[in-house]
Amino acid sequence: MSSDRARYDRATAHLDAPLAVVDTGAFDVNAADLVRRAGGKPVRVASKSVRCRALLERVLARDGFAGVLAYTLAEALWLARSGIPDVLVAYPSTDRTSLAELTSDPKLAAAVTLMVDDPTQLTMVESARTGREEIRICLELDVSLRLLGGRVRIGALRSPLNDPAELAELARSVARRPGFRLVGLMAYEAHVAGVGDRIPGHPVRSRAIRLMQSVARDRVAAVRAEAVRAVREVTELEFVNGGGTGSVQHTAAEDAVTEIAAGSGLYAPRLFDGYSSFTARPAALFALPVVRRPGVGVVTVLGGGYPASGAAGRDRLPVPYLPAGLRLAGREGAGEVQTPLLGHPADDLLIGDRVWFRHAKAGELCERFAELHLVEGDRVVGTVPTYRGEGRAFL
């Protein structure tokens with residue numbers, strides 16, 4: 001780790017902090033590991049975990065990756081116009097302007113697939129339609145784990161469709177409406193893919209999570225297979241999407257799944273340290289300059305208040321990474337204007353030195369920076385814009 005700090009400092013010595021970097025060596029190693037874990041099934045890149053077009057193009061150029069899982073329709077259209085030929089929108093859209101553009105442009109309609117879990121979403125497309133292009137549709141199945149007769153629910157609150165029969169009925173609804181073509185099915189097991197099972201200092205909780213996930217994986221596989229059979233009685237499917245960084249190898253083992261979604265594993269933010277089934281290399285970091293030395297064992301850096309989305313808590317805060325041994329101050333945390341850091345390494349830091357941080361989640365770091373400096377060894381080999389740097393705010 002000390003050698004990493006030295007080379008990051010050397011690589012960016014000519015740049016002013018705050019700044020963000022992506023270590024291309026770590027990024028490429030992580031990409032190769034996702035492909036290995038996918039076991040021959042293509043990996044669709046979750047763009048919300050990358051939010052940099054140049055890095056999306058970098059990973060899509062590798063064998064084993066195919067297509068993008070976008071988070072808004074406006075983003076999907078932008079990516080399709082940029083030349084990406086296969087973009088699945090992960091969330092339903094009510095963006096009438098973008099829907100109108102999609103329905104009137106044959107190139108975009110051929111490249112972009114909309115997510116649907118309610119017939120009203122189809123009606124929304126019809127009301128916004130300005131052209132006659134056939135719209136590609138993917139249905140989303142909820143695979144949350146339900147216990148005690150449904151009184152306990154574990155998983156993300158996404159699609160309302162948790163019964164394969166309900167999904168098949170919606171498939172028939174799509175088939176009956178002119179101007180739509182059902183091409184895919186998605187089921188995201190967030191409680192497996194997005195929940196770490198190795199929590200430092202909490203062995204009992206970690207064992208409980210592993211037990212829950214073992215039960216959940218069996219349940220997901222059974223429900224997903226049943227849903228695919230039910231929908232294929234209505235129409236053939238081009239793809240069945242599942243998984244996430246934390247469950248790639250498990251999802252890939254299901255016969256019903258044809259492709260895996262993953263993205264966070266490329267940057268390896270700190271929330272993905274807590275998995276027993278894989279280890280990724282931190283690839284996306286940001287540096288803040290030391291601006292104060294308030295006392296022994298304390299330094300203060302500029303800015304740093306970059307919390308991640310989700311339920312508020314310390315696990316959503318960025319953490320100091322290099323030099324090792326620093327920690328956030330309990331009463332202040334990561335501040336908008338300044339962040340005090342405690343620990344013996346503080347005494348070796350001078351005004352103007354850098355502290356390297358890891359964000360809690362992946363692509364959200366790119367909402368804080370207009371550009372990413374690509375570090376190879378101890379050199380910056382390129383600087384590329386984030387979505388924000390290209391003037392694109394899709395949320």
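Student: At what angle do the axes of helix H5 and helix H7 cross?

Tutor: Two packed helices are described by the angle between their axes and the distance between the axes. This is a predicted model, in which local features need pLDDT of at least 70, side-chain atom pairs count only at pLDDT 80 or more, and totals for chains, interfaces and linings use all residues. Residues are numbered from 1 along each chain as its sequence is written, and side-chain values use heavy atoms, leaving out hydrogens and water. Here the axes of H5 (residues 96-104) and H7 (residues 119-128) cross at roughly 75 degrees and come within 8 Å. Axes are lines fitted to C-alpha atoms, for helices over the stretch in contact, and angles run from 0 to 180 degrees between N-to-C directions. Helices are DSSP runs (H or I, at least four residues), numbered from the N terminus. H5 is therefore roughly perpendicular to H7 (65 to 115 degrees; under 35 is roughly parallel, over 145 roughly antiparallel, the rest oblique).

Student: Which residues of H5 make the contact?

Tutor: Contact means heavy atoms within 4.5 Å. Arg-96, Leu-99, Ala-100 and Thr-103 of H5 meet Met-124, Val-125, Ser-127 and Ala-128 of H7.

Student: How far apart are the axes of helix H8 and helix H10?

Tutor: The axes of H8 (residues 164-176) and H10 (residues 203-232) are 9 Å apart, at an angle of about 30 degrees. That makes H8 roughly parallel to H10.

Student: Which residues does Leu-139 touch?

Tutor: Among them are Met-115, Val-116, Leu-167 and Ala-171, with residues up to four places away in sequence not counted.

Definitions and conventions: Helices (H or I, at least four residues) and strands (E, at least two) are DSSP runs, numbered from the N terminus.
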